[in-house]
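Subject: Structure handover

Hello,

Please find the structure below, as promised. My notes on it follow.

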Amino acid sequence: MPEPSSSSAESPSPPSVADPAAAAFVIVASDVRRSFGRDAVLCGASLQVKQGELLALVGRSGSGKSTLLSVLGGLDRDYQGQVTLFGKDLAALSDAALSQLRNEHIGFVFQSFHLLDHLSALENVLLPNAFAASPLAHAAAHERAREALARVDLADRATARPPELSGGQKQRVALARALFFRPQLLLCDEPTGNLDVTTGQRIIELFATLNQREGLTLLLVTHEPRVAAVARRVLRIDAGQVVSGSATDLVTDQSTELAPDSARPAHRQEDPP
Ligand SMILES: Nc1ncnc2c1ncn2[C@@H]1O[C@H](COP(=O)(O)OP(=O)(O)OP(=O)(O)O)[C@@H](O)[C@H]1O
Ligand SMILES: [Mg+2]
């Protein structure tokens, strides 16, 4: 994998921080609640992520990891509680301001990739530029996209469309797209879930490099034991709340374990009278 390049002057400047006291924290979430119908998935989830941390988030299938990531990444605004990103209360941002914050400062790798099948890998990586308030010029954007593809070892698949790519390759295109704007925060949902052992190791090394050399803050939903070597903390979702986890949580693969039925009623709100 090529050496990382240093941040260039083209990178968007970090978002201005509304609350200086919160500057050290990239994410502050307090008492977040999110329900789907009568199913209460997040029941007072709180966490704080400092600038430059690399965290793993674990929890059983259906425990709410993807739900929490969507809320923290500003993709889901239908929550209760408070979420502050880069010192800014998400609820106070207009849709346009939130979109810009997301597009230019947060990289998001979805569990299901969200690639557009009719576009090439390169065009998928270029997508954030199309929605940017201050897009890079054509040549600079293409150079940036090729660099991002090279970082995930896909330089030779730039013209392939997602249906022609393997699951692991699609996952890496999604990661390249998330890195396009050299974000300050990377949120990844099972980023090594479809990768073979060797490729998974290279991606974990890329995460460590991005974190240590470029100061990127990462929150990774993962059950990959090798992430334990690079993660500073492990968080776990338990009964709709975020609790401290340990490296053992990564070694025990819970991703395929279903929450026992006995654990569900505690999340379920009572029928209305
Ligand atoms: N849009 C939705 N509508 C209804 N229910 C939803 C929706 N999104 C998630 N859920 C439910 O919320 C719960 C948590 O889902 P979530 O995807 O956050 O789990 P997860 O921890 O990411 O699981 P996995 O490890 O399988 O990816 C599940 O019971 C799921 O069915
Ligand atoms: Mg999930």
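In which hand does α3 cross α5? The crossing of α3 past α5 is right-handed. Before going further, please note that this is a predicted model.

The helix pair

Helix α3 covers residues 121-130 and helix α5 covers residues 167-179. Their axes lie 7 Å apart, and the packing angle is about 35 degrees. On the α3 side the contact is made by Ala121, Asn124, Val125, Leu127 and Pro128, and on the α5 side by Val173, Ala176 and Arg177. Sorted by class, this contact of α3 with α5 has 6 nonpolar residues, 1 polar and 1 charged.

Helix α3 is mostly covered, with 7 of its 10 residues buried. Those buried are Ala121, Leu122, Asn124, Val125, Leu126, Pro128 and Asn129. The cover over them includes α5, but also α2 (95-105) and α4 (138-151).

Valine 173

Is valine 173 buried or exposed? Valine 173 counts as buried because 28 other C-beta atoms lie within 10 Å, where a count of 20 or more is what the term requires. Beyond its neighbours within four places in sequence, valine 173 is in contact with Leu115, Ala121, Asn124, Val125, Leu154 and Leu165. Valine 173 and valine 109 are separated by 64 residues in sequence, while their C-alpha atoms are 9.4 Å apart in space.

The six-stranded sheet

The next item is a sheet. It is open and has 6 strands, ordered β6-β7-β8-β3-β9-β10, with mixed pairing. Which strands stand at its edges? They are β6 (106-109) and β10; each has a single partner strand, so one side of each is left without a neighbour in the sheet. Ignoring direction, neighbouring strands of this sheet are turned against each other by 20 degrees on average.

As background, the strands of a sheet pair through backbone hydrogen bonds, in either a parallel or an antiparallel way. Going along the sheet, these are the pairings I looked at:

- β6 runs parallel to strand β7 (residues 185-189), and 4 bridges join them. Glycine 107 has leucine 186 in β7 as its bridge partner.
- Strand β3 (residues 54-58) pairs in the parallel sense with strand β9 (residues 233-238), over 4 bridges. Valine 58 has arginine 236 in β9 as its bridge partner.
- β9 pairs in the antiparallel sense with strand β10 (residues 241-244), again over 4 bridges. Isoleucine 237 has valine 242 in β10 as its bridge partner.

β9 and β10 form a hairpin with 2 residues between the strands. In this hairpin, alanine 239 takes a positive phi near 50 degrees.

Helix α5 comes up again here: α5 packs on the sheet and touches β6 and β7. The direction of α5 makes about 170 degrees with that of β6.

Ligand 1

How many residues surround ligand 1? There are 13, and the closest are Phe36, Ser61, Lys65, Ser66 and Thr67. By class, this shell has 9 polar residues, 2 nonpolar and 2 charged. Both β2 (39-50) and α1 (65-72) supply at least two residues of the shell. The element that gives the most to the shell is α1, with 3 residues.

Threonine 84

One more residue is worth a look. Threonine 84 is in strand β4 (residues 80-85). Threonine 84 counts as buried because it has 21 C-beta neighbours inside 10 Å; the cut-off is 20 or more. From C-alpha to C-alpha, threonine 84 is 9.4 Å from glutamine 48, and the two are 36 residues apart in sequence.

The whole chain

Lastly, some totals. The protein has 273 residues, of which 41% count as buried. It contains 7 helices and 10 strands. Among its contacts with a separation of 6 or more, 73% are between residues 24 or more positions apart.

Regards

Note on methods: Residues numbered from 1 in each chain as written. Chains lettered and ligands numbered in written order. Predicted model: local features only at pLDDT ≥ 70, side-chain atom pairs only at ≥ 80, totals over all residues. Near = placed C-beta within 6 Å. Nonpolar A, V, L, I, M, F, W, Y, C, P; charged D, E, K, R; others polar. Pairing = 2+ DSSP bridges. Buried ≥ 20, exposed ≤ 12 C-beta atoms within 10 Å, placed from the backbone. Axes fitted to C-alpha atoms, helices over the stretch in contact; angles between N-to-C directions. Left-handed = near helix turned anticlockwise from the far one by under 90°. Contact = placed C-beta atoms within 7 Å.
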